[in-house]
Amino acid sequence: MSRSTSSLGIVVISFVMILCPGAIGQSPPQSTETEVWPEVDAHFQFASNLRVLAFTGLEQGVGYPFQQWYAAAALGYQLLPILTPHLENINPDKEHYFLFGGGYEFLRTVQSGNVKHENRITLDATPGFRMRRAILVRDRNWVELRWINGAYSTTYRNRATVERDVLTGKVRFTPYGSIEGFYDGSSHSWNQEWYTGGVQWPYKRLWMLNTYYRRENCDNCNPRSWNAAGVSLNFFFRNSE
């Protein structure tokens with residue numbers, strides 16, 4: 001398959017997810033639960049193409065005994081700026097063809113009275129390119145080295161995202177869709193898929209509100225599926241030295 005054909009496929013599938021994100025990969029209704037995801041992110045940009053990202057959030061089951069709190073910090077390096085004329089994105093990561101990064105994440109999960117602690121070291125590489133100026137396509141490759149209550153495992157995640165910049169008068173927003181697959185190293189299988197559709201609402205170069213819906217399917221999880229409504233508030237800080 002050629003690169004252009006593959007990219008077009010990603011765009012078509014992702015825009016389908018914007019319009020009907022729950023239409024693909026549905027699990028039986030009796031194994032589906034609902035949760036909410038509030039999150040706060042802080043992006044620190046440096047003139048040397050380095051950025052630091054720190055975030056914390058909560059996953060809370062609605063009418064189901066599940067709660068997960070997480071916090072993380074990561075360092076990223078941006079390579080090759082995208083020079084095609086377009087609306088500049090508030091997130092400098094999206095203004096480059098490549099992003100490489102690594103970080104640490106801690107998670108505390110409480111489900112049905114059971115407590116689980118997880119430490120993760122993360123490594124990622126994300127190429128991206130623009131189609132017809134207004135459309136940005138990115139493909140994040142993410143490796144998690146995980147210690148869950150002391151037991152080690154590895155997960156590989158691949159997320160394809162397409163988004164479109166829209167400017168109406170003075171109002172700017174960015175609808176997007178993504179598909180993410182998980183490869184579990186312990187079971188040697190692709191066992192989880194996430195389908196996301198949302199809208200980002202930037203304000204100048206200061207902050208951005210991200211609102212989204214996500215469908216999560218997992219073959220060996222309990223419950224097997226989640227319907228998640230999420231909102232994240234992103235703050236951007238720049239060092240011009």
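Helices (H or I, at least four residues) and strands (E, at least two) are DSSP runs, numbered from the N terminus. The model used here is predicted: local features need pLDDT of at least 70, side-chain atom pairs count only at pLDDT 80 or more, and totals for chains, interfaces and linings use all residues. Residues are numbered from 1 along each chain as its sequence is written, and side-chain values use heavy atoms, with hydrogens and water left out.

**Exercise 1.** Work out where Ala-160 sits.

Step 1: look at the strands; Ala-160 belongs to S7, which covers residues 151–164.
Step 2: check accessibility. Ala-160 is buried because its relative accessibility is 12%, where buried means under 20% relative accessible area, exposed over 50% and partly exposed in between (1.4 Å probe, protein chains only).
Step 3: pair Ala-160 with Gly-128: they lie 32 residues apart in sequence, with 9.7 Å from C-alpha to C-alpha.

**Exercise 2.** Find the disulfide and describe its two ends.

Step 1: apply the cut-off (a pair of cysteine sulfur atoms within 2.5 Å); the count is one.
Step 2: name the pair. Cys-218 is joined to Cys-221, S to S 2.0 Å.
Step 3: take the angle about the S-S bond, 55 degrees, a right-handed link.
Step 4: compare the ends. Cys-218 is buried at 4%, whereas Cys-221, at 33%, is partly exposed.

**Exercise 3.** Decide how to read residues 1–29.

Step 1: start with pLDDT (the predictor's confidence in each residue, from 0 to 100). The protein chain has a mean of 89, and 87% of its residues reach 70 or more.
Step 2: turn to residues 1–29, where pLDDT stays under 50. The model has 42 contacts (heavy atoms within 4.5 Å) for them beyond four places in sequence.
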